Amino acid sequence: MPITPRGPGSDDVRRATTLLAARIPAPLAPLARLAFNYAWSWARGGPELFASVDADRWSICRRNPVRLLQEVPLATLERAAFDSDLCRRAAAVEERIAAQLAAPPHGGFSPDRPVAFFCAEYGVHPSLPIYSGGLGVLAGDLLKAASDAHLPMVAIGLLYRDGYFRQRIDTSGWQHEYWVSADPERLPLTLVTAGDGQPLRVPVPVRGTEVQTQIWRADVGSVPLYLLDPDRPENRRIDRWIAARLYVGDLDMRLAQYALLGRGGVRALRALGIEPSVLHLNEGHAGLATLELAASEVAAGRALPEALAAVRARTVFTTHTPVAAGNETYAPEAIVAAHPDFAAQLHTDWDSLLRLARDEPDRADCPIGMTQFALRLARSTNAVSRRHGETARAMWQATFRARTPDEVPIGSVTNGVHVATWMAAPMRELLDRHLGEGWEARCDEDATWRAFDAIPDGELWAVRSRLRAQLVEIVRDRATTDRLARGEPRDYVELATRAFDPDHLTLGFARRLATYKRMHLLTRDLGRALQLLGGPRPVQILLAGKAHPQDDEAKRIVQLLFRAKGRPHVGERIAYLHDYDMELALHLVAGCDLWLNMPRPPFEASGTSGMKAALNGGVHMSVLDGWWPEAYDGTNGWAIDGGADADGEALDARHSDAFLGLMEREVTPLFYERDADGIPRGWLQRVRASLRTAARDFSARRMLGDYADRVYRSPSQR
Ligand SMILES: *Cc1c(COP(=O)(O)O)cnc(C)c1O
């Protein structure tokens, strides 16, 4: 059974797969169909198929299967077509995915009325670089979980041709940014056409101009992801550029992006003939979707108050930002200038609309944000962890005119991560073997975890050691190229080639380099930190992360770190890896033994990289913020006090001391304490508890189930 795309644009996907299949020998046709659905990326044996065609080119193509099949030499394809094992495996993977996609929908949900998910960024796969970090990766994981659970969903986003910036660090530790333009024709995307064979065009009013957008479709399992793209020849150059880059600095350009996403997204759904049951606004960027939806109700003859009530009945909102300053705000004039026609369409005036977006409706000078529109016009709002829920209720108390934070109607659905994406193959194989395939669906059963406890320590340790060794190989390779590219002195480069020991305790810290994430805590007490590296029980440290191009304070953190370059052991035991992305994240979370998170509480809404590490048997040490207070039980990792403190310096000092103290007293002794067989029994106890916690309670499967039951079902269905 071939993979059959469904829904608007599916004919275009079919046409594209047929064209690609025509280029390759017939026995490889399943690969062409797989290439246009990212389900291959989390199917067992999926990524290995494309690697088997041509491993080198697979890596040159950054694991983009469409580009691989377009570029690979004919002779290689012919050789692959004669590889009967490969052909058999490709057919089997396609068969499994096709069967999965054909399953009946999740109870109570109809494919005719899907959930429409809106997000400014999506981290589906490294080959589709339209994400910057946690928000996008979470959105990607949620789409995959919706597909796994057969929940009817469509997703709306923007196609950023230049994506997020790429990062290069110079010898002084300063970050430089550059952008790489993607050619959508070489990505697993298809342009949605109208009946006349021409691209379907959706006009979106921005700053008084009708910007014509076209729509690309990416398939994420059963979920079509529709990406709006204003880069069309009939648009003015300045409008074609609106969605060139993700999170541009210029505020007017951002407002234009949000117009495309929110208003354009609703218009695109209409043009595609999709009538969603629920609009899920993931973060505030798409907030204007609410007013656009109201405009269609008004056009159909409803009065504005009824139109807004109808919008509220089908809109849900997830907030991800625990600091007021993180929610961008704008001068009212900027919003009006971006949407001069909007109030008239809604049969009202701008002042009445702006009242919706002000904390204090009568104060005309209140700055306006997209988030407020979403908060006021959604039937439900949720934060992304329990602690973040508390923070958000306190933060939005005024907006809801509540007497106490407890009265603020904001709940929480704690984030989770997609197990099949983030658990490395060796660990997944170990669990498949002992727990039986399909164990992900049985994570809440005790029997599953009894079988897990019965896995011999030796086998578990062998997998951990293998994952660490694989990471060390990659790090040597990347650290060497990074240092060469920076123009470092020869002996410092040489250190990288023999750096990192496959048997040493490996600590990872990789995430967006925002100041509140406090990477600088690692080196706050430099002398003591260096002793960890060079002691009898050595620690090696892997760091990565990008600072926002305009965040010089965050960039200086890396520079500070680089000052320690010449100190003993630093060259061979610490690496700052360039250009953190999903690809690098996959390697790091798989191979690191200890995953560190040091946010300044309560600024971490959830954090998800620690969950990914835990799925692979990494152990999490974190400030009790975000998801960690819900997860930490004293056996499954380490915790640092999560109380907030207005005195940032004092807090930094305490947390740095707590981190180093735990490393010295507990972490390194436990990791290096071995029995006669060379196995760290005590450490493996933590590894088991950590993995169990993540897989059972912090999977995207659990998260999606929570959204389906508590958020998407209409109140009458629950
Ligand atoms: C998971 C992930 C993140 C989020 O990490 P946090 O722990 O939430 O900061 C960011 N970037 C990438 C590439 C990821 O894979």
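1. Which domains does the domain assignment of the protein give? There are domain 1 (10-102), domain 2 (115-415 + 705-717) and domain 3 (444-698). These bounds come from an automatic or database domain assignment. The model is predicted: local features need pLDDT of at least 70, side-chain atom pairs count only at pLDDT 80 or more, and totals for chains, interfaces and linings use all residues. Residues are numbered from 1 along each chain as its sequence is written, and side-chain values use heavy atoms, with hydrogens and water left out.

2. Start with the pair formed by domain 1 and domain 2. Their C-alpha centres lie 33 Å apart. Domain 1 gives 23 residues to the contact, and domain 2 gives 23 residues. Contact here means heavy atoms within 4.5 Å.

3. Now the ligand. Its shell holds 14 residues, and Lys517, Gly607, Thr608, Ser609 and Lys612 come nearest. By type, the shell divides into five nonpolar, five polar and four charged residues.

4. Which atoms does the ligand meet? In the side chain of Lys517, an N or O atom is 2.8 Å from an oxygen atom of the ligand. Thr608 uses its backbone: an N or O atom there lies 2.9 Å from a ligand oxygen. Arg511 has a polar side-chain atom 3.5 Å from an oxygen atom of the ligand. A polar contact is a pair of N or O atoms within 3.5 Å; within protein, one must be able to donate a hydrogen and the other to accept it, and residues adjacent in sequence count only if both atoms are side-chain atoms. On its own the ligand has 390 Å² of accessible area, and the protein covers 94% of that. Such areas come from the Shrake-Rupley method with a 1.4 Å probe; for residues, only the protein chains shown count as cover. Helices (H or I, at least four residues) and strands (E, at least two) are DSSP runs, numbered from the N terminus.

5. Look next at Gln167, in strand β3 (residues 166-169). Is Gln167 buried or exposed? Gln167 counts as buried because its relative accessibility is 2%. Buried means under 20% relative accessible area, exposed over 50%, and partly exposed in between (1.4 Å probe, protein chains only). The side chain of Gln167 makes a polar contact of 3.0 Å with the side chain of Gln175. It also reaches the backbone nitrogen of Asp579, at 2.8 Å. Beyond four places in sequence, Gln167 touches several residues, including His176, Tyr178, Gly545 and Tyr576. Trp179 is twelve residues from Gln167 along the chain, and their C-alpha atoms are separated by 8.8 Å.

6. Two residues other than glycine have a positive phi. Arg62 has phi near 50° and lies in the loop between α4 (55-60) and α5 (65-71). Arg518 has phi near 55° and sits in the loop between β13 (505-510) and α23 (526-534). Their surroundings deserve a check. Arg62 is partly exposed because its relative accessible area is 36%. Arg518 is buried because its value is 0%.

7. From Pro601 to Pro602 the bond is cis, with omega near 0°. Pro602 is in the loop between β16 (594-597) and α27.

8. Ser41 lies in the loop between α2 (29-35) and α3 (46-53). Ser41 counts as buried, at 15% relative accessibility. Its side chain reaches the backbone oxygen of Tyr38 at 2.7 Å. Leaving aside neighbours within four places in sequence, Ser41 is in contact with Pro47 and His125.

9. Finally, Thr371 belongs to helix α16 (residues 370-377). Thr371 is buried, with a relative accessible area of 6%.

How values were computed
Near = heavy atom within 4 Å. Nonpolar A, V, L, I, M, F, W, Y, C, P; charged D, E, K, R; others polar.
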